[in-house]
Amino acid sequence: MKKIFFTAAFLVFLLSVFGQQKPMFLWFDKPAWQPGAFSYNSKVFNTSFFFEEKGWCEALPIGNGRMGAMIFGGVLKERIQLNEETLWDGYPRDAVNPESGKFLPEIQALMFAGKNDEAEALATKKMMGEPLNIKPYQSLGDLFIDFANSGSDTIYSDYKRWLSLDSSLTVTRFHYQSKNFRREVFASHPENVIAVKISCDQPGSINLNIRMLREKDAATTNSTKDPKRIIQTGRINCLSEETHLPVGMHFESHIKAVNKGGSVTVSEDGMMIVKDADELILYIAAGTDYAGRNPSQICEKVIQETAKKSYSSIFEAHLKDYQSLFNRIKISLSPESNPTELSQDRRMERVRKNDFQDPYLSELLFQYGRYLLISSSREGDLPANLQGIWNQNMQPPWSADYHTNINLQMNYMAADAVNLSECELPLFALMDSLAVHGKRTAKIMYNANGWVVHHLTDVFWRTAPADGVVGVWPMGGGWLCHHPFDHYLFSGDKNFLLKEAFPLMKGAAEFYLDFLKPIPDGIPLAGRLVTNPSHSPENAFEKADGSQFQFTYGATMDIEICHELFTNCLKAIDDLSLPGKPFEPELKDRLQKALANLAPIQISKRTGAIQEWIEDYKEPEIGHRHISHLYGLYPSSQISIETPELYVAARKTLERRLTGNPNAKIDEAKNRYQSYGSYLEGKSSGGWLSNWVSLMWLRLGESEEAYKHHQFELKYGMKNNLFGQSNQLDATFGSTAVITEMLLQSHTSTIDLLPALPKRWSTGSVKGLCARGGFEVDMNWENNKLTLAKINSKNGGICRIKVNVPVKVICDGKEIKTSKSGKNEFEFLTIENKQYELISN
């Protein structure tokens with residue numbers, strides 16, 4: 001008979017500790033797949049865009065913001081893959097193309113004249129950054145822990161491994177040769193170290209060979225000062241294109257052993273041999289010379305400081321630090337789901353094969369997105385990239401960079417709402433750097449003031465176009481500016497608005513004010529301001545003569561980004577103005593004039609949907625996976641129930657795009673631009689796109705449609721360890737945003753309680769969600785109706801509530817007077833740091 005993973009008594013204990021939330025953990029009853037003999041010559045390391053279905057997608061991530069590790073949970077052979085967030089190939093480059101500004105007017109004239117191909121050809125020659133591509137984020141290496149002298153005996157039993165989101169700890173346990181072994185790993189933010197503890201229930205039983213490897217550019221030795229330490233040093237093999245001298249990043253990692261009983265020795269080539277130990281602890285430190293740092297000093301300091309402390313005290317400090325963030329929110333979407341009923345791989349298989357709806361997976365995915373953000377984005381560190389911080393390759397997909405045309409933004413869409421505002425600070429720090437570098441790019445390449453960034457960047461803060469003419473998309477800065485202003489709306493912190501958010505927003509707005517051009521006479525919407533050149537990311541349009549293009553002017557998404565940025569700037573200016581002392585009056589005047597003259601969002605006469613382009617062109621790919629022209633619906637709120645005609649058109653847009661073209665194989669076979677991942681029959685295929693579709697449906701008030709695409713995310717977009725497709729994590733981060741907006745929305749001036757609760761989640765609770773205006777919200781519901789809500793007012797002021805059941809408001813045991821402000825809406829005055837209970841009548 002198999003041993004029970006958790007006893008009933010232990011589950012009761014956990015539930016008492018964690019309140020209404022179930023234990024949050026991913027558990028497996030077998031190790032992540034590993035090859036019999038590890039080799040960097042295998043396909044996964046040598047084939048571009050190869051995504052293995054096993055191994056990496058079964059391993060479990062830990063991180064402390066700066067360092068990350070993937071734990072494979074092996075028995076006799078364990079692999080722990082390691083990362084350090086600043087370890088990138090490349091070096092600081094001036095990628096600005098000095099020819100761009102000279103030829104931009106000609107490119108714009110060609111575009112307005114309808115000569116799209118000529119404009120594109122000239123832009124390809126004169127507007128691309130130099131060099132064309134960026135270098136990638138790289139793996140730090142791999143730690144291997146092998147049983148010594150195991151011989152042919154490979155039989156083990158009672159195996160379990162898990163990642164506890166509640167404590168940010170991975171555990172692997174198994175029974176081998178009549179002994180019980182346990183291996184636990186965590187990444188401490190306070191100590192800046194990764195700790196590995198290996199124990200056994202019988203003394204003198206730990207016999208291991210431990211080594212550190214990296215695919216290239218590194219060597220491993222022992223330490224001349226410490227007999228129990230492995231040291232890996234390296235330098236990325238990168239030569240300056242200007243001087244042909246080495247400029248690659250230096251890096252270093254140290255592995256320090258602390259043993260109870262037995263012995264530890266390290267050979268000259270860095271092989272650590274552990275004999276007859278009762279217990280072994282490994283401390284892993286790493287550093288690079290990024291931004292002038294000294295990797296050797298970093299590692300030495302971390303190891304020296306860690307060695308002074310006990311393992312238990314290090315873990316307790318880690319737990320206190322981590323839980324101070326993670327424990328802010330508790331969630332339960334269904335009382336009946338059982339976290340221990342199936343291992344993680346079987347839970348996922350049940351969803352994929354049987355379309356099973358598993359509320360616990362949704363709870364887990366919600367908290368997993370929060371866990372990953374805490375683990376990969378801490379104040380003072382870099383923001384989470386395409387893969388968070390977890391990457392095993394030297395040439396990862398899309399360079400594991402920062403894509404600013406949805407992916408980076410999706411990583412942070414939920415941050416403020418899920419009570420992790422501190423974790424968003426690295427994003428703002430990145431923007432500060434981009435603003436500095438992007439100012440020169442704006443001036444030289446666009447003859448414009450302000451700052452600009454295109455569709456991707458890296459840790460050397462590239463702001464020039466990359467990859468090809470599709471990279472001539474200067475809208476990254478405008479979209480990014482959504483985040484600091486939203487952060488202000490959540491916090492109400494005017495000092496943050498003045499010192500951080502507004503300078504970024506002002507610089508981005510100044511760029512667009514100079515970049516926008518009036519449409520010439522004789523062309524539709526003559527005199528209106530538009531971007532030129534422009535893309536609607538990855539999509540193409542067809543003119544009346546059958547010619548197809550992607551390069552254009554005035555794509556709707558561009559206009560929506562400019563509109564949102566200008567509107568937010570004006571709101572910020574008003575909030576920062578004082579009686580008799582207007583703030584930025586000249587900029588306000590420019591913004592108001594530009595906003596009034598922007599090209600409008602248009603509705604297609606052919607389809608009744610939102611027009612994606614400046615003219616009502618035909619769509620060569622009806623089911624195109626990007627729905628960029630609904631930016632105004634989400635993440636912006638330009639399109640809402642308060643703009644009824646656009647609201648209806650947005651619904652038609654979404655329905656039409658998702659329906660796709662059932663005859664696409666014939667109708668779209670001769671398209672100039674290849675279709676990729678088209679929607680069909682209302683389905684999405686997971687990843688960032690299922691999340692964006694869900695979020696759009698939520699803004700349209702369609703809970704079941706949004707829930708359907710959330711299920712598509714679980715079915716098609718999630719790997720067994722809840723990593724997204726193609727090793728990307730935006731799908732995971734974005735899923736947290738989706739679930740949040742099902743429970744609470746506040747993008748208008750009103751806090752909407754349970755605005756789009758799926759029928760499947762009929763009874764549940766959530767504690768600690770945040771709403772714009774400085775409010776923190778707890779809710780309980782039954783039969784899909786709110787039963788109790790608690791509103792904590794951090795700043796005081798008016799609280800506007802929308803709820804579909806009648807409620808009374810109680811504070812300090814007394815009912816509070818409210819006033820009706822709209823259908824199912826009311827408002828009341830709050831006092832700073834007071835709690836208000838909304839009780840259903």
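In the predicted model, R161 is placed over the face of F28, 4.2 Å from the ring centre. A charge is taken to sit over a ring if NZ of Lys or CZ of Arg is within 6 Å of the ring centre and within 35 degrees of the ring normal. A further case is R350, whose charged end sits over the ring of F356 at 3.8 Å from its centre. The model is predicted, and local features need pLDDT of at least 70, side-chain atom pairs count only at pLDDT 80 or more, and totals for chains, interfaces and linings use all residues. Residues are numbered from 1 along each chain as its sequence is written, and side-chain values use heavy atoms, with hydrogens and water left out.

A pair of aromatic rings is described by the distance of the centres and the angle of the planes. Rings of Phe, Tyr and Trp (its six-membered ring) were paired if their centres lie within 6.5 Å, with planes under 30 degrees apart counted as stacked, over 60 as edge-to-face and the rest as tilted. The count by this rule is 38 aromatic pairs. Among them is the edge-to-face pair of Y446 and F515, with 5.3 Å centre to centre and 85 degrees between the planes. This pair links distant parts of the chain, 69 residues apart, with Y446 in helix α10 (residues 425-446) and F515 in helix α13 (residues 494-515). Helices (H or I, at least four residues) and strands (E, at least two) are DSSP runs, numbered from the N terminus. Y446 is buried at a relative accessible area of 3%, and F515 is buried at 1%; buried means under 20% relative accessible area, exposed over 50% and partly exposed in between (1.4 Å probe, protein chains only).

The rings of F541 and Y617 form a stacked pair, because their centres are 4.5 Å apart and their planes are at 20 degrees. Here too, distant parts of the chain are linked: F541 lies in strand β22 (residues 541-542) and Y617 in the loop between α15 (585-597) and α16 (644-659), 76 residues apart. F541 is buried at 0% relative accessibility, and Y617 is buried at 13%. Ring pairs also join F38, Y40, F45 and F144 into a cluster.

Helix α19 (residues 703-717) packs with helix α20 (residues 730-743) at an angle of about 155 degrees, their axes being 11 Å apart. Axes are lines fitted to C-alpha atoms, for helices over the stretch in contact, and angles run from 0 to 180 degrees between N-to-C directions. In contact (heavy atoms within 4.5 Å) are A706, Y707, H710 and E713 of α19 with A731, S735, V738, I739 and M742 of α20.
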